[in-house]
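Let's take a walk through this chain together, one region at a time.

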Amino acid sequence: MTVGGPIQRVLAWASLGFCFLVFPGILLVTATDHLLKVVAERQRLATLGRLEARLNRLDPYKRDVFFFHDRLRRAWEDAVTSPDPVRRMAVWRRRLQRAFPGGLQFVVWDGRGRLQEALTDIRGWRYVLTRVWTSLRALTIAGRQDPAIDPLGLPEVAEQIKLLRSVLGGFLVPWHLRLPFLPDPLGSVILADFRPDRSHCWFRVDDRLGVLVFLRWDLLHRQCGLRWQTRRLNARLPAGEGTGFAFPEGQERAGASHRPRQIFTRPGMAWQSEIELALAAFDNTAEPFQETAHLLLAIRPLEAGRHAFAWVLRERALPDPRLVRQRVHLGLALLALPWLWGAWSSWRGRPLPYLSLRWQLVGVFLYANGLPLLVLGFIGHDYLQNQRATWREQVRLQGTRLLRACDARFPTIAEELTERLRVGLHRLDLRKMPNALSDAMRARLARCLAACSPTEFYVVSSQSRIVMSHLTEGRAGPRYPTTHLRVIGRDFLRFFNGELIDIEQGNRAYSAQGIPTHLESVLNSALEYLGRVHRMRFGDAPKWCFWEVLGPLERGQADHILFVFWSEARMQELFLRQILPRLSPSATAFRVAARLSDGRLVRSARCPWPRQARRVFPASGELPTDLLELPDASGTVWLGTGFRGQAMPEVTLGAFLPRHVVEERVDALRRRLLLFGLGSLVLTLVIGQLLARQFLGPLGWFAAAARHIAARQFRFRLPAFDRDELGHLGDSLNRTLVSLEELDLGKVVQGSLLPGERFCHGGFICCGRSEPVTDLGGDLFDFFTAGENGCGVLVGDVAGHGVPAALMMAFAKAGVALAEASRTDPQMLLRSLHRLFRANQEAHRRPAVARRAASHGQPSLMHRPMTMLCAVGDGHTGQVTLANAGHCYPLLVRATDRAATYLEIAGAPIGAVRTPRVGTLRLALAPGDRLILYTDGFIEARNAQGEIFGFPRFREAVAAAHEADPERMVAAIWNALRGWAPTAEDDLTLVIMQRAPCPGTTA
């Protein structure tokens, strides 16, 4: 197979296909599979997170006592905020009783305690229900201030507990009366009795409306909350997603491995059998996330064998990898089509579209850079996702730190309140107040204290009388037992005025009155915390207190003492309302909200309140929540995290940050990566162009040099390039051009050494033609005169081609010119040339000459032998003497029959042996006879099949090319050879010596 054949072209295209198609395709398919796995896992986790969030929305309704508390609380709050609370409650009553027929009984009062009989389902209890209204009203007002209040601590409740039990239920536990006021999700209806018609109750009584609701026992065991929330969620979810729950149905069957379940989910759900299998797998493995053939499920156990679940179709949650792979394979197939077309065209030998070498080089550079960029693109995608997760975690940590910092600053509120009270009381100048407080002084004192928003304050005189009291919540009567305050206040004043001496007597008096402290501790606290806001246990719970003595203390005439109290909830609310507005959105992108113990909210400036934001507030004892996504009504998605206070244990805090803050950072990073990739491609393009210019600039000059060489314009020279490989190549090419110019000159010189195509002398006509296979040839022919009537012809062939053969040919030409005396005798002429060749060879064998040639890296060029044939004819007689020194046998063509005959004359080439061996032959030529002298280039010419022209074909060609004019015969023989072999592999020389028809013709 020749070089560049079909097999080599196929191998070349196969290599190109592997480098530019197969390997990138394998890389692309592998990276796509990895990307699909990453995306699928990320979407699976995101889907499971959404399913878990839906379970969180079902979790508060796992017990109906929580559900009915939430429904009744919403109804009551909606009613009390309307212009006509009673009428609005009537609407809610009808709605709830229609939704739960026979399950609810209502008792409704207006704001003055008047029973609304049209809305009351209990008859015959008019007087008793009126008295119950008083107790429930006091309990409601107190519960709004402090959800953890002890109901028996209120006189209205302690005195009416028996009456409450007779109405609400015989097994009512008084402590449970606080349950309707606990914050979500702790608030619930109250278990009061085991009567089927009124087992549980719920109440809220205010200055605008009073409601008491009784619930049936079986109503709280129907999964009403789960059913209601499930329907509500499923109505808002798109097709292919849903929530539900499963609960045991009846008793356990005999022989069954588990109790049969009843599944409640979206109507028309076609995959309930798969849900049953997932629930069974959950019972066996406790794995909360289950996958079936068509569904992804999140399962959570509730109570009493019930399970809540959220599901989504796999085809909606996870991408279809087959579709993506098909698109990738289709793209690779489309890319393979041009390659297949190019390979087929190359196989068939068709020319391909031209693409400049510059763009080929740029394309290779782009490919070499684009392939790693493709890999980096997939790695960058993973990096972006990991960076997004990192930034989201940073948001959670920063939000938690911000909430911790807010919580840690809570004790500073005591110092601020202390300073504010000191300044306010100093302005009132209470040190100089009279023994009796005037109305104007009372009003000024009330305004001063109201600015600090205490829960309540009291002024106790030295006569153990409370001369001034105030509760900011507006409830009549003091919050704490006044006996304690009167006794403690009197002892404070006696001690400050120097009247209290017997400490032991004071301790016995405290014990007799049931005061749970000692006089020493009271006095120590008075001395330590006088004029300062501090936390202490005063009564049944920790309180924040401020004590100050009023009157001329320096004269020992203090007549009054001021007690100011803040509940823990009130103090925390004051702090939050003070600190949260200071969180400027310009300083931090976070928005902070706080939920107080009674469920009320305090927010920072510009903090939207999405409906789902309550999910970030952890319940008591829980750890901070994870980062949640919370959409609001405007479409903005917030990232929220929660924290339960440590310095403020009754407050839960939440920090919110718009999600677009994180996404903008991710987008900015994505843009930087894309710009990096585009910049790399642009840089590659520029470098490719520069390198193309660096390489193709010299190549353009080289192409120009090739065109000048083809046009034989050897005077063209390349400019000087950089001193690199191309520069060295340019220098070499310039030297080659110089050599070619010299060779061209040598060809001209060599051509001048050959005679003209026609020579006539002594009755002979000679013509010849020679074509070297290279610029310089080794063939020689010459015409010369031998006396007055003699004509000589000489044909020689030096072994080889090129410059050495041309030099030997010129050397032989010079030898013929020097042997002028022996031209009449061809044998003597050839012998003299042999002696000349041998002498030259002996000279070049000398050591000094050999060493000089070897030092220049050139072997001796004068050791080449030369064949030669010489013919000398007499113009008068027609006698021709032939001498042959190893040359091809001449052909004799007689004019009479035009037959061509080889004249076999043996001899040895000149310079080949030591002793010359020259064969001779004498013959007579008649007018018109011709001698054909030639070199072996004619005989050894080969056609396309490798067959040589040979002696027989040459003789036939000579016989067939007989012409009257010898020059035309030379042309005919030459054309016959070219018809056999268009190209020659050796120098060609052809000479014809003809005896002229008219003797005596001279040149």
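At what angle do helix 12 and helix 17 pack, and how far apart are their axes? Helix 12 (residues 412–428) and helix 17 (residues 568–579) pack at an angle of about 90°, and their axes are 10 Å apart. That makes helix 12 roughly perpendicular to helix 17, a label for angles of 65 to 115 degrees, while those under 35 count as roughly parallel, those over 145 as roughly antiparallel and the rest as oblique. On the side of helix 12, the contact is made by Thr412, Ile413, Glu416, Leu417 and Arg420, and on the side of helix 17 by Met571, Leu574, Phe575 and Gln578. Contact here means heavy atoms within 4.5 Å. Sorted by class, this contact has five nonpolar, two polar and two charged residues. Nonpolar covers Ala, Val, Leu, Ile, Met, Phe, Trp, Tyr, Cys and Pro, charged covers Asp, Glu, Lys and Arg, and the others, Gly among them, are polar.

A few words on how to read all this. This is a predicted model in which local features need pLDDT of at least 70 and side-chain atom pairs count only at pLDDT 80 or more, while totals for chains, interfaces and linings use all residues. Residues are numbered from 1 along each chain as its sequence is written, and side-chain values use heavy atoms, with hydrogens and water left out. Helices (H or I, at least four residues) and strands (E, at least two) are DSSP runs numbered from the N terminus. Axes are lines fitted to C-alpha atoms, for helices over the stretch in contact, and angles run from 0 to 180 degrees between N-to-C directions.

Now step back to the whole chain. The chain holds 25 helices and 30 strands. Of its 1003 residues, 46% are buried, meaning under 20% relative accessible area with a 1.4 Å probe and protein chains only; exposed means over 50%, and partly exposed lies in between. Among contacts between residues at least 6 apart in sequence, 62% join residues at least 24 apart.

Next, look at the sheets. Strands of a sheet pair through backbone hydrogen bonds, either parallel or antiparallel. Here two strands count as paired if DSSP finds at least two bridges between them.

Glycine 111 sits in the loop between strand 1 and helix 4 (126–145). Which residue has its C-alpha atom 4.7 Å from that of glycine 111? That residue is leucine 209, 98 residues apart from glycine 111 along the chain. Leaving aside residues up to four places away in sequence, glycine 111 touches Trp133, Asp206, Asp207, Arg208 and Leu209.

Further along is an open sheet of six strands, in the order 20-21-30-29-26-27 and with antiparallel pairing. Strand 20 (758–761) and strand 27 (900–902) are its edge strands, each pairing on one side only. Neighbouring strands of this sheet are turned by 20° against each other on average, direction ignored. Strand 21 (residues 764–771) and strand 30 (residues 988–995) pair in the antiparallel sense over eight bridges, with phenylalanine 764 opposite arginine 995. Two helices belong in this view: helix 24 (residues 950–960) runs at about 145° to strand 27, and helix 25 (residues 966–980) runs at about 145° to strand 30. In the loop between strand 26 and strand 27 lies arginine 898, which has a positive phi of about 60° although it is not a glycine.

Finally, the cysteines. With a disulfide taken as a pair of cysteine sulfur atoms within 2.5 Å, the count comes to zero. Cysteine 767 is buried, with a relative accessible area of 1%, and cysteine 406 is buried with 4%.
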